[in-house]
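Hi,

Here is the structure I promised to pass on. Have a look at it first, and then read my notes below.

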Amino acid sequence: MNASQLFETVTSLPLQVLIVVISIVFLSRFVDRAATNCRLWTVGFVAILGLIAAAFLLPHLRLFNDGSRLSESAARTMFALQVWIIKALVVVWIIGFTFVLIRRLGRIIVLTQFFSQRCRVMTDEEIATLPLDGQDELPKQLRLLVSLEKHGPFCWQLQHPTIVLPSCLLREDDGVIRHVLLHELEHLRTNHPLQHFLQGICNALLWFHPAIWWAARNAELTREFHCDEVAAKAGTTIASYLRTLAKIAEQTRCAPTCTLAFGRRKSAIIRRTEHLVSRIESARGQCSSRDQRRASLAIGCLFLVVLVVSQLWLPVNVLASSRTRLSPWPTWTAEMLHDFGVSVRDYERFDARHDLNECLSDDGN
Ligand SMILES: [Zn+2]
């Protein structure tokens with residue numbers, strides 16, 4: 001990819017991601033069911049990763065290509081400027097990406113040490129006394145750990161699904177323990193650790209993008225809404241679940257980072273409480289066929305948005321040929337396809353401003 005193609009990518013991709021995130025937030029309001037909204041966020045994070053891959057590996061349409069309006073000297077100046085901007089952006093991105101990776105790796109090491117040094121595996125006798133019944137589905141190879149430290153309950157999954165309960169929680173009454181267990185089990189049952197992982201990859205790659213921070217906060221809250229709803233419904237009443245939520249918040253909200261904590265932020269606890277209260281007021285129970293239709297429609301709309309957005313590219317590539325609406329294939333995928341005997345165009349088509357291609361040789365790619 002030359003500097004102009006990279007400039008086109010780094011200006012268009014954040015816009016594409018922003019539109020996808022806004023669409024998910026909008027569709028979430030239309031659906032208003034936490035379970036579907038969780039699915040929307042998972043599809044959204046996969047779609048964002050797909051957009052990133054497509055941007056660097058596939059050609060795209062140039063719907064608003066008006067680069068030919070620039071004079072050749074203006075285009076040359078623009079290209080030189082783009083080369084410098086790209087160089088600076090690449091350096092800044094690598095620094096930020098490395099920082100995010102090191103921080104995440106450090107957190108995983110701290111968490112692994114926490115599991116091995118400050119937790120113990122729950123004994124069979126303790127597990128037998130947990131207030132779970134035969135209908136509560138437990139994930140395979142579930143590890144139940146008891147922590148000796150004072151923190152909120154949380155779950156995590158890398159190799160094995162893991163639920164960590166602070167020892168002080170085990171002294172609470174069965175209702176509270178059951179609520180917490182059902183909440184954490186629902187996280188594991190609905191693959192929330194996988195969604196959290198996808199969210200982490202998006203966050204690492206697009207660490208600079210406020211839309212990704214916004215998406216992460218919304219997805220986290222949606223996951224909690226869903227698990228709260230399931231745990232509250234399975235318990236006695238929503239009011240008793242609200243008491244559990246308040247009790248956990250009162251004891252402590254801290255928990256190791258990069259995990260699915262029961263309640264980390266005060267503002268999130270307040271919003272979860274409001275959400276549950278709204279469920280009581282609207283007396284929404286079972287998923288109706290109307291809700292299911294809305295869910296399918298929302299997911300279909302999201303796919304459509306992603307498809308359209310993937311072809312939304314800003315007309316900032318000064319080397320773009322005016323003779324075609326399709327960009328050339330990026331060199332790395334074109335070379336791979338050539339190796340397999342598939343011939344694809346990986347160069348700009350000849351046009352009146354083809355002399356600009358000299359810029360490329362001057363710049364040495
Ligand atoms: Zn949770």
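Let's start with Q141, which sits in the loop between α4 (124-129) and β2 (143-147); helices (H or I, at least four residues) and strands (E, at least two) are DSSP runs, numbered from the N terminus. Q141 has a positive phi of about 60°, although it is not a glycine. With a relative accessible area of 58%, Q141 is exposed (that is over 50%, while buried means under 20% and partly exposed lies in between, with a 1.4 Å probe and protein chains only).

Before going on: this is a predicted model, where local features need pLDDT of at least 70 and side-chain atom pairs count only at pLDDT 80 or more, while totals for chains, interfaces and linings use all residues. Residues are numbered from 1 along each chain as its sequence is written, and side-chain values use heavy atoms, with hydrogens and water left out.

N191 is another non-glycine with a positive phi, here about 55°. You'll find N191 in the loop between α5 (174-189) and α6 (192-205), and it is partly exposed, at a relative accessible area of 45%.

Now for the metal site. The zinc ion is coordinated by H183 (NE2), H187 (NE2) and two OE atoms of E224, at 2.0 to 2.7 Å. Donors here are N, O and S atoms within 2.8 Å of the metal (3.2 Å for Na, K and Ca), and water is not among the atoms, so sites may look incomplete. Along the chain, the donors follow the spacing H-x3-H-x36-E. The site links distant parts of the chain, as H187 is in helix α5 and E224 is in helix α7 (residues 210-234), 37 residues apart. H187 is buried at 0% relative accessibility, and E224 is buried at 5%.

Why is the arrangement around the zinc ion irregular? The 4 donor atoms subtend angles of 52 to 136°, whereas four donors count as tetrahedral if all angles lie between 85 and 135 degrees, and four count as square planar and six as octahedral if opposite donors are over 155 degrees apart and all others between 65 and 115; anything else is irregular.

Finally, the helix pair. The axes of α7 and helix α8 (residues 238-251) come within 8 Å and cross at roughly 125°. In that contact, D228, A231 and A232 in α7 meet I238, Y241 and L245 in α8, where contact means heavy atoms within 4.5 Å.

Cheers

Notes. Axes fitted to C-alpha atoms, helices over the stretch in contact; angles between N-to-C directions.
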